[in-house]
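Please look at the sequence and structure below before reading on.

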There are 2 protein chains.
Amino acid sequence: MKIGILGTGVVGQTLGEKLVSRGHEVRLGSRSGSGGSGAEWTAKVGAKGSLGTFADAAAFGELLFLCTKGEVALEVVRLAGAEALGAKVLIDVSNPLDFSRGFPPALTIQGFDSLGERIQAAAPNARVVKALNTVAAPVMIDPAKVPGEHDLFLCGNDDAAKGEVKALLADAFGWKNFVDVGGIEASRGTEALLPLWTRLYGRFGSPLFNFHIARSE
Amino acid sequence: MKIGILGTGVVGQTLGEKLVSRGHEVRLGSRSGSGGSGAEWTAKVGAKGSLGTFADAAAFGELLFLCTKGEVALEVVRLAGAEALGAKVLIDVSNPLDFSRGFPPALTIQGFDSLGERIQAAAPNARVVKALNTVAAPVMIDPAKVPGEHDLFLCGNDDAAKGEVKALLADAFGWKNFVDVGGIEASRGTEALLPLWTRLYGRFGSPLFNFHIARSE
């Protein structure tokens, strides 16, 4: 399918390369449209990869990923534009991280609020699904990099959209175990994993880990 | 050993009953010293259980648990008193939950701060170890209630204290897998699990679950 990725950083390029390798057409969106290191990315992935502005990428994709830093995510949604976003599935991978005191970060949005909810409010017709924000980029596209059973948390208001996201992440990346935490307000829970995730990353010295929920079935 | 438990709610009573059954002497501390439902608890657990004020329980124990609601935890530490707390190991089980908008709660303390850190600051000589705050009471005392591999997060500034806590929780309750997240400031990470934990509880309809960190060893 045609997929638009908002953000040309490590996450956006990693997801984009893998999606192209799985046969999808991918357009990476950036502020300028020529996308910094995007030229190297297109040279690497070949003809199925292209670059554009945020609005170009949003218009191109039948399904969209939001992969920018949390601090600019809402601006990027505005730049993409309501018309291009339409009622598309928008997978929100961003996290509202506060690095103002270095590593590990805190959250810039917390309590009875979350970045996921603000993104849904900024794109009210889009079907926002928060997902992949609780794992590192190499794990996003290859969960088998982490041994054993482990889970991908996702949430969003539209059950059909969550179903589409699960199907894509299973088919393109190999995800098997999903934990649906509820509506988009459950982003308050999954974004709040980051203060622990970043500490574990520091302790382990590797991002190749993930959460699993153990319970009776 | 002699153990003081600050708080006579479900968590304090559950931990206390199990510790008595494992041969420990336990004093439950409350504001009044006669401890609400504490009388029923002492009748149930027998001669090795006793009641007292927060200061009584703190003075009694060679090791202490703090099991009150987060909103009163700092006051309880003050009532226990610096002299009784001494340099004892204080296992902080409390969470700074904000139920002002119902369930699920948010956190009252977050960002570059945590309740664990405030408790350590309020009892600077005590060796505070944050632990057990990420599982429900039935799981605290019997981790086998959750099938499969799963982990207990703990943190604190004193490595020897963390070692003592692991040994007690292994011996008394059967915990096998610990994830040491770092110093007491890592409470920012483990307390932040609660917004997700409470949502999962709502989704699953059972508190019999726990987190596991999957990773390469």
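Two strands count as paired if DSSP finds at least two bridges between them. The model shown here is predicted.

**Strands in chain B**

In chain B, L64(B) stands opposite L90(B) in β5(B). Strand β4 of chain B, residues 63-66, runs parallel to β5(B), and four bridges join them. β5(B) also pairs with strand β8 of chain B, residues 127-131, again in the parallel sense and over four bridges. Here L90(B) stands opposite V128(B) in β8(B).

Which way do the side chains of strand β5(B) point? V89(B) and I91(B) point one way, while L90(B) and D92(B) point the other way. All four of these residues are buried.

**The sheet in chain A**

Chain A has an open sheet of eight strands with mixed pairing, in the order β3-β2-β1-β4-β5-β8-β9-β10. Strands β3 (49-53) and β10 (178-182) of chain A stand at the edges; each has a single partner strand, so one side of each is left without a neighbour in the sheet. On average, neighbouring strands of this sheet are turned by 25° against each other, direction ignored.

**How the two chains are related**

Chain A is superposed on chain B by a rotation of 180° with 0.0 Å of shift along the axis, and the RMSD is 0.0 Å. The two copies are thus related as by a two-fold rotation axis. The same surface serves both copies, as 100% of the contact residues of chain A recur in chain B. Which residue of chain A comes closest to the rotation axis? It is H212(A), with its C-alpha at 2.4 Å.

**Helix α10 of chain B**

Helix α10 of chain B covers residues 194-204, and its buried residues include L194(B), W197(B) and L200(B). After α10(B) comes G205(B), which has a positive phi near 70°.

**Cavities and pockets**

A search of the whole structure finds two cavities of 30 Å³ or more.

| Space | Volume |
|---|---|
| Largest cavity | about 270 Å³ |
| Largest pocket | about 830 Å³ |

The largest cavity is lined by 32 residues; L107(A), Q110(A), L107(B), Q110(B) and A192(B) lie nearest its centre. Both chains take part in this lining: β7, α9 and α10 of chain A and β7, α9 and α10 of chain B each supply at least two residues. α9(B) gives the most, with three residues.

The largest pocket is lined by 35 residues, and those closest to its centre are V11(B), C67(B), T68(B), K69(B) and L97(B). The elements of chain B that give two or more residues to the lining of this pocket are α1 (10-21), β2 (25-30), α4 (70-80), α7 (137-140) and α10.

Technical notes. Residues numbered from 1 in each chain as written. Chains lettered and ligands numbered in written order. Predicted model: local features only at pLDDT ≥ 70, side-chain atom pairs only at ≥ 80, totals over all residues. Heavy atoms only, no water. Buried < 20%, exposed > 50% of the residue type's maximum accessible area, 1.4 Å probe, protein only. Least-squares fit on C-alpha atoms with pLDDT ≥ 70 in both. Contact = heavy atoms within 4.5 Å. Axes fitted to C-alpha atoms, helices over the stretch in contact; angles between N-to-C directions. 1 Å grid on protein atoms, 1.4 Å probe; cavity = no way out; pocket = protein on both sides within 12 Å on 5 of 7 lines; lining within 4 Å. Points joined across faces, edges and corners; volume = space filled by probe spheres on them.
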